[in-house]
Amino acid sequence: MLQIHNTLSRQKEEFKPLHPGKIGMYVCGVTVYDYCHLGHARTYTSADVIVRYFRYRGYDVRYVRNITDVDDKIIKRANEKQESIDAVTERFIKAMHEDFAALDLLPPNDEPRATQYIPDMIAMIEKIIANGHAYVGTNGDVYFEVRTLDSYGCLSHHDIEQLESGARVEVSEVKRDPLDFVLWKLAKPGEPSWNSPWGAGRPGWHIECSAMANDLLGEYFDIHAGGRDLIFPHHENENAQSRAALKTPFVKVWIHAGFLQMGKDKMSKSLGNFITIRDVLRDHDAEVLRFFLLSSHYRSPLVYTEDLLLQARQSLVRFYTALRFLPLDKKIENSEYEKQFIAAMDDDFNTPLAISVLFDLAHEIQRLREKDSVAAAQHAGLLKSLAGVIGILQTDAEQFFQADESVDAGKVEQLITARNEARASKNWAEADRIRDELMSMKVAIEDGANGTTWKMVR
Ligand code: AMP
Ligand code: ZN
């Protein structure tokens, strides 16, 4: 039984899709004005593993991840750089696609951009006004009237009075209530704008996701996800807008990922404590980064350190050592390991527990290796296939050990050939000298039945 923690109920619930066999899943995407950082990697890798697992369990998933390509921060960045908004967003969308492909994140089925959905957003705002939940403020902007919706606060578990007293007392004569949030804002000179019944302007941030999710997944869909910073106000407001416009519930299960942190702080652009994905990938394999991200539960906070990346690499070395020299095309069926892996992932996508099952499986492969090579290979086939469900261990083992940019693989092969020639002519001194030379390059060699193999040591 698959159980998922739902932010709405603050509990793990048995998951039943709204339509048998099918899942609609929406994940809030990136605001494209800078390079993506490790915090993004965390949330989107969590979503990626959830989608992969649903598919492994036989569901037909429609995965939607939008792109926010109109926003105050984008406009500011374009002005600073004296670039057009399109030039800024195109550049960072391209960079995001490169980074996400490098991380082996599955492409979403749909990747709508906010600027493609302006007419849908306008139509939705009109419905919200018609249903009595929004109004035009004295400055001409359109606001959602929070107090008209009884369910407001249900997702973030905020009491409206509490919110009110906690809210900064804004000196605002334009809104009826400080909590009311903007649906449409009129353009200031030099800002991008679209025509609307309320004048030329642009949408508020939250309305885009309500409009895009409604178009692509329908009125009421299965899963909505994002990082936990989005619970309030973004998701609370999306929820309010969709309910107010469509008069239906909006989302069945809300999933929120914990923060990737630098020490005690959330990694974020505004705090300036961020490390971009591309910076990390200069020094580390993408698989190492993914392994590090999956080594904690998606809802727990995860503190980034270089040391944890090195540990992740060591874990992968253990796994690839278990897969090495074995054919992987057949897997053992009905294995206890597979059942345990499913039980772990069924428990709110518990990847650390699932990985510990994979470690047990790796030990079993090593135990079987000398005794029963067929069983060892079948277990190795299972390890590779289960690991694929969370997106790891899909590289060829030899390639994994050799893929290290700090070493020239061609030179290593040459030295190994020279050493084998020296050994063949019984020139042991030369063979030892070459082994030492390889050691000084941090390359360890092993002579086995299939010839000499090598790996990097750290
Ligand atoms: P943004 O580009 O800031 O709108 O964020 C895009 C997505 O990344 C949202 O789902 C955020 O919740 C998520 N995100 C941003 N920073 C972090 C972080 N430090 N840890 C986890 N998720 C994050
Ligand atoms: Zn959103």
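Author: What follows looks at the two ligand sites and then at some features of the chain around them.

This is a predicted model, in which local features need pLDDT of at least 70 and side-chain atom pairs count only at pLDDT 80 or more, while totals for chains, interfaces and linings use all residues. Residues are numbered from 1 along each chain as its sequence is written, chains are lettered from A and ligands numbered from 1 in the order in which they are written, and side-chain values use heavy atoms, with hydrogens and water left out.

Ligand 1 is surrounded by 18 residues, of which the closest are T43, G227, D229, L260 and M267; a residue belongs to these surroundings if one of its heavy atoms lies within 4 Å. By class, this shell holds six nonpolar, nine polar and three charged residues, where Ala, Val, Leu, Ile, Met, Phe, Trp, Tyr, Cys and Pro count as nonpolar, Asp, Glu, Lys and Arg as charged, and the others, Gly among them, as polar. Among the N and O atom pairs that fall within 3.5 Å, a polar side-chain atom of T43 lies 2.7 Å from a nitrogen atom of ligand 1, a backbone N or O atom of L260 lies 2.9 Å from a nitrogen atom of the ligand, and a backbone N or O atom of T31 lies 3.4 Å from an oxygen atom of ligand 1. The protein covers 92% of the 480 Å² of accessible area that ligand 1 has on its own, as computed by the Shrake-Rupley method with a 1.4 Å probe. Two or more shell residues come from each of helix 1 (38-56) and strand 9 (221-227), and helix 1 gives the largest share, four residues; helices (H or I, at least four residues) and strands (E, at least two) are DSSP runs, numbered from the N terminus.

The zinc ion, ligand 2, is coordinated by C28 (SG), C209 (SG), H234 (NE2) and E238 (OE) at 2.0 to 2.4 Å, donors being N, O and S atoms within 2.8 Å of the metal (3.2 Å for Na, K and Ca), with water not among the atoms, so that sites may look incomplete. The spacing of these donor residues in sequence is C-x180-C-x24-H-x3-E. Of them, C209 in helix 6 (residues 205-217) and E238 in helix 7 (residues 231-246) are 29 residues apart and link distant parts of the chain. Helix 7 also contains P233, and the peptide bond from F232 to P233 is cis, with omega near 0°.

How values were computed:
Polar contact = N/O pair within 3.5 Å; in protein donor to acceptor, adjacent residues only side chain to side chain.
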